[in-house]
Amino acid sequence: MDGETLAGVRKRVLAGGAERYHTANAAKGKLFARERIALLTDEGSFVEDGLYANSLADGLPADGVITGSARIDGRDVCVMANDSTVKAGSWGARTVEKIIRVIERAYQLGVPMVYLVDSAGARITDQVDLFPGRRGAGKIFHTQVKASGSIPQVCALFGPSAAGGAYIPAFCDVVAMVDGNASMYLGSDRMVEMVTGEKTTLEAMGGAQVHCKESGVGHFLCKSEREALDVVRTYLSYLPSNWTRRPPAAAAADPAKIDLAGLVPASERQAFDMRRYVKGLVDENSYFEIWALWARELTVGFARLNGQVIGIVGNNSMFKGGVLFVDSADKASRFTQLCDAFNVPLLFLTDVPGFMVGTAVERQGIIRHGAKMITAISEATVPKICVVVRKAYGAGLYAMAGPGFEPDATIALPTAKIAVMGAEAAVNAVYANKIAAIDDPEERAAFVAERRAEYERDIDIMRLASELVVDAVVEPADLRAELVRRFLAAEGKDRSFARRRHGVTPV
């Protein structure tokens, strides 16, 4: 220490990088990494590991990353936070080792892992030490994958997450991004121009708006760092500490005063907001929507039903008519796997015309993505209940945990219709030639109306109930109580699925 006292070294390390970097960050609305930890965790609970990593080097306090254990709302967690005042939060060999160690510790203890990311990526000058070896940067991602589904992993992104470092958020369950500062990208704008000739900016290529609205890599678009930290805290409040435990219960609350029957229009062509329907069904103020800005034709999130945590997957006709696209299929797949991993029962609120058709989506692989969604629904062994709110047409019924996918119950509302397709499309498909051959407009309209009425009678929900396609038909006012009873009855279900190591998922 060259005569420097331990207290002096500690003070220097705790201060982070040079004052000019703190000032520059503050001008961008960015907090010091240690402030972020203090705001997120219970007061006095943070215990730091590796504080003196690289402390003998010049200008590398803690080697640019802060790691340790703490408590959030009384529950144990592990935390890593990049210090962007130290060489822009870049990674050296000891940075990598500290990150690996803290993830390994979280996994061994069975506690959530929180990543507070703000890093320019690896230090190229240190690449031999940090990149290729058995305890190199690749081990971070290997360890994250091993921990995935075993412990919750949540990321708040405050600045860049560059190059290989972008995969830390990608392997997390959810990512909260601070608008204007957060970004994820594999290559910088300069590198992109050099390799491809494209001129762009980090914000346009990998900013928070891009990832939360277009790519789906980000889940929450936050206005401030404090909001992002609140997202981390709230997210963890719905999940158990690890896969062997149940989600934490809370005091039951009544739902918001919303007329569920009046909310659903009689006409299939008229949209309604499924998020509002959810809020009229679950405990008031408990719906925590995930991916609110991406693939909005589907709404997913956690809620509480009579105090118990459930996961919601609901078609939202306010956006693209509620039709399932490539992105919404991926959204449902990932959220279903998340809930199944952490013992969160699933409620599917169905109002789906089916999967999108056409040249564009076929080229995007809609069949493959739809198969992925159906695979995730099939493999989920938590209690699952399918509620047909208005319509469930074609493969959309399958994708929303319909009767063939072993839900614990399929419940229909009086407004429900289950069919291969809607009446209008079906009549046109079957009788197109006959309709075209009728010259008189009134006669043609009467013929279509009669065929449509026949089709509607064929798929009448009470007929389907009599054929045991659905397990119950309930009024909207009774749905909440029905769900509470049925989820309670399904609590002890056998969660085995198949004799195998794992399936081969369509991706």
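1. Two terms are needed at the outset. Contact means heavy atoms within 4.5 Å. Helices (H or I, at least four residues) and strands (E, at least two) are DSSP runs, numbered from the N terminus. The model is predicted: local features need pLDDT of at least 70, side-chain atom pairs count only at pLDDT 80 or more, and totals for chains, interfaces and linings use all residues. Residues are numbered from 1 along each chain as its sequence is written, and side-chain values use heavy atoms, with hydrogens and water left out.

2. Helix 10 spans residues 208-215, and its buried residues (under 20% relative accessible area, with exposed over 50% and partly exposed in between, for a 1.4 Å probe and protein chains only) are Ala208, Val210, His211 and Cys212. Against which elements do the buried residues of helix 10 pack? Their partners are strand 6 (174-178), strand 7 (183-185), helix 9 (202-206) and strand 8 (220-222).

3. Strand 13 (residues 384-393) is mostly covered, with 10 of its 10 residues buried. Strands pair if DSSP finds at least two bridges between them. Strand 13 runs parallel to strand 12 (residues 346-352), joined by 6 bridges, and parallel to strand 14 (residues 409-412), joined by 4 bridges. Cys386 of strand 13 stands opposite Phe348 and has Thr410 as its bridge partner in strand 14. Strand 15 (residues 417-419) also pairs with strand 13 in the parallel sense, over 3 bridges; here Tyr393 stands opposite Ala419.

4. The next point concerns pockets. On a 1 Å grid over the protein atoms alone, a pocket is an open set of points where a 1.4 Å probe fits, with protein on both sides within 12 Å along at least five of seven lines; lining residues have an atom within 4 Å of a point. Grid points are joined across faces, edges and corners, and a volume is the space filled by probe spheres set on the points. The largest pocket holds about 1200 Å³ of space. Its lining has 38 residues, and Ser148, Arg334, Gln337, Leu338 and Ala341 lie nearest its centre. Helix 14 gives the most to this lining, with 8 residues.

5. The second largest pocket has a volume of about 600 Å³. It is lined by 26 residues, with Ala120, Gly121, Ala122, Ile124 and Ala163 nearest its centre. Helix 5 (127-130), helix 6 (137-147) and helix 8 (189-196) are the elements that give two or more residues to this lining.
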